[in-house]
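Let's take a friendly walk through a protein model, one feature at a time. Have a look at the sequence and the structure before reading on.

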Amino acid sequence: VPRLDRRVSCPRWLLLRLREEQRLDAYRKAIEKALAKIMEEREEIPRLDRPPLRIVHLGAGLTQMSMVAARCARDAGISEKDIDTHGYTVVAVEQMPKIVKLARRALRDNDLDRDVFVCSEDVRKLPSQPARAQLVVCELVDPGLLGEGILVLLNAARIKMCNAFEHQVVPSRGTIWAAAFEFGERLGGYQGFDMGAFNHYRTGLMVDADGALEKGYARQLSNVFEVFKFDFEKNIMPAARTINLVPTDSGKITAIVFWYELHMDSAGDIILTNWPESLPPADFAMLEKDVHRPAPNRQAVCHFQGDYIREVTKGEAVELDVGYHQAWPQFVWPGTEMVQKESGERIPKPPPMPRHRLSFEKLKHETEDLERKLQAGLMYDEEMLGDGYAAAERVALEPNGNPNYTIDPQNANYFHMMFFV
């Protein structure tokens, strides 16, 4: 199989982000507002004593937001002479090397390669930078707020790259909201058949709550409640706590659906949220502000399985323990036995499962382990990447597997999809 010269790559979700106009607009407005304040403070400092303007962009991706920040800096008063004297205005941090190559090409095409410097290192491994940033723009936001590592990486950037007490963060604050849901109850008698076994495979981390409610396969069992409130600018993080949940209807709580509300500026006038449009806001004052929604509008979800599905009665309160680790909120019923994973993370003890689900979990674990190994090697090794493409094409020619390959046929199909689908 001839080896293809693929020097750049881009995942599909990152290409979709290019079309999120409301998200881009929310960040642009917040950056303009933050830069206006920074430039006003700079005017009070004698010209010869002014430090250069620096903006750090975390989760830069294809540097679309980096280019917006660079343009905003130019509009705020940064001149060509400032660029010649002090160098780059924006430092875009993106860990995936093949995306970095594509991002640099985009910067050259837009004549912003002198304004934006692309760093392809892990921000936690960088040495302390001599030129400190006055503004951090963080795009490490997923439907559940914490999934892309905003807590860990933002703290590292604050230590390594920012002024100690005189920096702003976009977004400034974030709140996680949630509601209890019942999913899949109608499968127990779908068209006269019991299809409830398929509920064992509700393991995804994202859901379209609006679509689920509209199509009738989900039912809301509680009012919206506040889970956590983070202040990224002041570095104030919440503690784990217990919530009293009052069901609004009787049924089985099979999942907790949660989403974020981001205050992009320190005043809280610009809001970016993936709040489900079919659910009323907890505070209607939010609708009076400048609200933006990402597209597609998805929410995060924590599914309960087996014995952890809780049957509730309308009006009878139940307790729910909420906490979080580095990258995901955790919803646990009081008294749940916790176990420790190999990574050190503590999770609820897996409940008893039917045999078909155990086989699924085994395959899922092997696939995730294969994915980690592939990503760790292929992303940083050109030769291994070429060999991976060739091997994937060979696997595609024999979809039923080959005894000469020490790889499960279903994993082989997954391996093929990583490259060609």
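How many bridges join strand β17 to β18? Four bridges join strand β17 (residues 318–324) to β18, and the two run antiparallel.

A few ground rules first. This is a predicted model, in which local features need pLDDT of at least 70 and side-chain atom pairs count only at pLDDT 80 or more, while totals for chains, interfaces and linings use all residues. Residues are numbered from 1 along each chain as its sequence is written, and side-chain values use heavy atoms, leaving out hydrogens and water.

**The sheet**

Strands β10, β17 and β18 form an open sheet in the order β10-β17-β18, with antiparallel pairing. Because β10 (241–245) and β18 (329–332) stand at the edges with a single partner strand each, one side of each is left without a neighbour in the sheet. From one strand to the next, the twist averages 30°. Strands are DSSP runs of E with at least two residues, and helices are runs of H or I with at least four, numbered from the N terminus. Two strands pair if DSSP finds at least two bridges between them.

**A helix**

Helix α5 (residues 97–109) has 13 residues and reaches 19 Å from its first C-alpha to its last, close to the 18 Å expected at 1.5 Å a residue. That expected span is 1.5 Å times one less than the number of residues. Among the buried residues of α5 are Ile99, Val100, Ala103 and Leu107. Here buried means under 20% relative accessible area, exposed over 50%, and partly exposed in between (1.4 Å probe, protein chains only). After α5 comes Asp111, whose phi is positive, near 55°.

**Salt bridges**

A salt bridge is a side-chain nitrogen of Lys or Arg within 4 Å of a carboxyl oxygen of Asp or Glu. By this rule the count comes to 20 salt bridges. Here are some of them:

| Pair | Closest N and O atoms |
|---|---|
| Asp265 and Lys33 | 2.6 Å |
| Asp269 and Lys33 | 3.2 Å |
| Arg50 and Glu43 | 3.6 Å |

Asp269 lies in the loop between β12 and β13, while Lys33 is in helix α2, 236 residues apart. Asp265 counts as buried at 5% relative accessibility, whereas Lys33 is partly exposed at 37%. Arg50 is buried at 17%, but Glu43 is exposed at 54%. Elsewhere, Asp25, Arg28, Lys29, Glu32 and Asp290 are linked in a network of salt bridges.

Key:
Axes fitted to C-alpha atoms, helices over the stretch in contact; angles between N-to-C directions.
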